[in-house]
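Q: I would like to learn how to read the features of a protein model. Please go through them one by one.

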Amino acid sequence: MQQHDPGGRIRVRWPADSTVTARFSACDRYRWELREVWNPRLPLWLFLLMNPSIAGIRFSDPTVGKTGQIARYHGAGGQIIANTGAYRSTCPAGLLQADDPIGPENEETIMRCAREAGMVIAAYGQPPAALRGVGLRLSRRIVAEGIPLHVFRLSQDGTPMHPLSRGKGFIPIGTVPVPWVPPDGGEACDA
């Protein structure tokens, strides 16, 4: 079987003190979760992002590198990365190339990780139009289970900003996550 190419060529080395684990689908097209732990005695932060790219056991990527810096800065012991769409594609539009961009194990993996994390941060940014309601639906489910949800900032349309947002949306490493309750109604998505 040919290995799936999610795109992206920027490979970032993991910090020397990190232990990294990841869970991929058998076909390698989906990454269910990625964990980087540098201090197992401290809580892990869960970052709910949009789409996984090349980050895995051997290498990180720019997004996961930044979320790790943020979590370290704020005293977390590590990070868990999960995505609203588990299909591995560096480009968010690449999610639309998959028959199932979300993946069959994704939602339950996210909920298990959210229950385990000391902090859950929605930072999935603006997905392709066909998938806009997925992050909101997952965010609502997290909150409905009594798990506090946080964001760095919201974009003008109310979407949780991605850690690599540019311009006025730039997220400095010292940004303190703020509590967020996703709005009722609005875009829902069955994808």
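Predicted model: local features only at pLDDT ≥ 70, side-chain atom pairs only at ≥ 80, totals over all residues.

Q: What does the radius of gyration say about the chain?
A: The radius is taken over C-alpha atoms, and the globule rule is 2.2 Å times the number of residues to the power 0.38. For 191 residues, a compact globule would have a radius near 16 Å; the chain agrees with this, at 15 Å. The C-alpha trace spans about 45 × 40 × 35 Å along its principal axes.

Q: Which share of the contacts joins residues 24 or more positions apart?
A: Contact means heavy atoms within 4.5 Å. Among contacts in the chain with a separation of 6 or more, 77% are between residues 24 or more positions apart.

Q: How many of the residues count as buried, in percent?
A: Buried means under 20% relative accessible area, exposed over 50%, and partly exposed in between (1.4 Å probe, protein chains only). Of the 191 residues, 53% are buried.

Q: How many aromatic pairs are there?
A: Rings of Phe, Tyr and Trp (its six-membered ring) pair if their centres lie within 6.5 Å; planes under 30 degrees apart count as stacked, over 60 as edge-to-face and the rest as tilted. The count is 4 aromatic pairs. One of them is stacked, because the rings of Y30 and W32 have centres 5.2 Å apart and planes at 5°. W45 and F47 form a tilted pair, with 6.2 Å from centre to centre and 50° between the planes.

Q: Are the residues Y30 and W32 buried or exposed?
A: Y30 is buried, at 11% relative accessibility, and W32 is buried too, at 2%.

Q: And W45 and F47: buried or exposed?
A: W45 counts as buried at 8% relative accessibility, and F47 is buried with 0%.

Q: Which residues do ring pairs link into a cluster?
A: The cluster consists of Y30, W32 and Y87.

Note on methods: Residues numbered from 1 in each chain as written. Heavy atoms only, no water.
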